[in-house]
Amino acid sequence: MITVLRCAVLALLFSASVQAETTAPAQEAAPAAAKTVQPAAKVPPVAKTAIPKAPLIFPPGAGVMHVPLAQSKKTLEVFTYQPAEADENTPVVMVMTGVDRNAATYRNDWITVADQYHLRVIVPHFSEQEFPGAAGYNLGNLVDSKTHRRLPKSQWAFSMVDNLFTTLQKQGVTGQKQYYLFGNSAGCQFVHRMLTLLPEPNVKAAVCAAAGWWTLPDTDQRWPYGLREAPVAVNQQQLNDYFAKPVLIAVGAEDDDPENHLLRKSKQAMAQGTNRPERAESYFTTSQQRAEQNNTPFNWHFMDLSDIGHSGSKMSVFAAGQFAWFEQHNAFHL
């Protein structure tokens, strides 16, 4: 009996001890929870300031620049070359690639002639991903591919080329007031539409070579084969300015394959001719006639080059020589 009583007492004491260990922390935590928390001091709002953009630097030799695009988080990749002795007074040539958008290849094609003629070369890379299809590149990225609405002028590929040069001017990278513009094949499509649709581009003279099809400078044809219902209105004064600008339309005499897989075969394109030489001459002749009808100066020239087929590298060499001659004589070497 005494043993049973002793066990009961020990059990009671053990139970009390366990209860004290498990409830004590809760009792101690209560006062801490009841503590008054002082409100955090108000932090004055941080003033929003524009993050300064890094200045553009024209790389020595062969290089690459990444240029921020207006109203976008994206950048435009630009391949460049300049001779060792080049400076802010060296003439600048903007080069527009063919359908492959192979900007590095075109830049490399210009290295030897840039050294020979003392030229700075800039080749923007309008990637297929960012500027898809003919609408994104050949036609200047004028329209949103999803909504089919006209894009702001700052997003036109045409504007990006001109604005790039303006930025180089403002940052003191170039002291030139204007630049030379060259495009081959799809690049020629880019060039002649840029000169047609972009008001007052900073272009001194242009060589446009071997386009597969053209946008005629009149409203007889619907866009993109003419200016009727074009996404950008073009007034007569713009066309007059274009006709007065020194432009050399060039094409290889051997670039005459009517079955070339890159040659557009639509009804409207075939109306311009069956091959590139025919279409280039048709564009030149139509433009000349429009200038005469409006009694405005026409400062264009046409050349078909013997022994040249569809070659971006050969046309680059030809254009470089023309720009070097123009720099010295203010005229093309015809």
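1. In this predicted model, helix α5 (residues 186-197) packs against helix α6 (residues 236-244) at an angle of about 130°, with the axes 8 Å apart. That angle makes α5 oblique to α6. Angles under 35 degrees count as roughly parallel, over 145 as roughly antiparallel, 65 to 115 as roughly perpendicular and the rest as oblique. Axes here are lines fitted to C-alpha atoms, for helices over the stretch in contact, and angles run from 0 to 180 degrees between N-to-C directions. Helices (H or I, at least four residues) and strands (E, at least two) are DSSP runs, numbered from the N terminus.

2. Which residues of α5 meet α6? His 192, Leu 195, Thr 196 and Leu 197 do, and their partners in α6 are Gln 238, Leu 239 and Tyr 242; a contact means heavy atoms within 4.5 Å. For the classes, Ala, Val, Leu, Ile, Met, Phe, Trp, Tyr, Cys and Pro count as nonpolar, Asp, Glu, Lys and Arg as charged, and the others, Gly among them, as polar.

3. Helix α5 also meets helix α4 (residues 157-170): their axes come within 10 Å and cross at roughly 85°. The two helices are therefore roughly perpendicular to each other. From α4 come Ala 157, Phe 158, Val 161 and Asp 162, and from α5 come Phe 190, Arg 193, Met 194 and Leu 197. Six of the residues in this contact are nonpolar, none polar and two charged.

4. A disulfide (a pair of cysteine sulfur atoms within 2.5 Å) joins Cys 188 to Cys 208, with 2.1 Å from S to S. The count for the model comes to one. Cys 188 sits in α5 and Cys 208 in strand β6 (residues 203-209), 20 residues apart, so the pair links distant parts of the chain. The torsion about the S-S bond is about 105°, so the disulfide is right-handed. Buried or exposed? Cys 188 is buried at 0% relative accessibility, and Cys 208 is buried at 1%. Buried means under 20% relative accessible area, exposed over 50%, partly exposed in between (1.4 Å probe, protein chains only).

5. Have a look at Tyr 179 in strand β5 (residues 179-184), which is buried at 0% relative accessibility. Not counting residues up to four places away in sequence, Tyr 179 touches residues including Val 161, Asp 162, Met 194 and Val 203. The C-alpha atoms of Tyr 179 and Val 93 are 5.8 Å apart, although 86 residues separate the two in sequence.

6. Some backbone details deserve a check. The peptide bond from Trp 223 to Pro 224 is cis, with omega near 10°, and Pro 224 lies in the loop between β6 and α6. Glu 229, in the loop between β6 and α6, has a positive phi near 60° without being glycine, and is exposed at 57%. Asn 295 likewise has a positive phi, of about 50°; its place is the loop between α8 (276-293) and β8 (300-305), and it is exposed at 73%.

7. On confidence, pLDDT (the predictor's confidence in each residue, from 0 to 100) averages 87 over the chain, and 84% of the residues score at least 70. Over residues 1-52 the pLDDT is below 50, and this stretch has zero contacts in the model beyond near neighbours in sequence.

8. A word on conventions: residues are numbered from 1 along each chain as its sequence is written, and side-chain values use heavy atoms, leaving out hydrogens and water. As this is a predicted model, local features need pLDDT of at least 70 and side-chain atom pairs count only at pLDDT 80 or more, while totals for chains, interfaces and linings use all residues.
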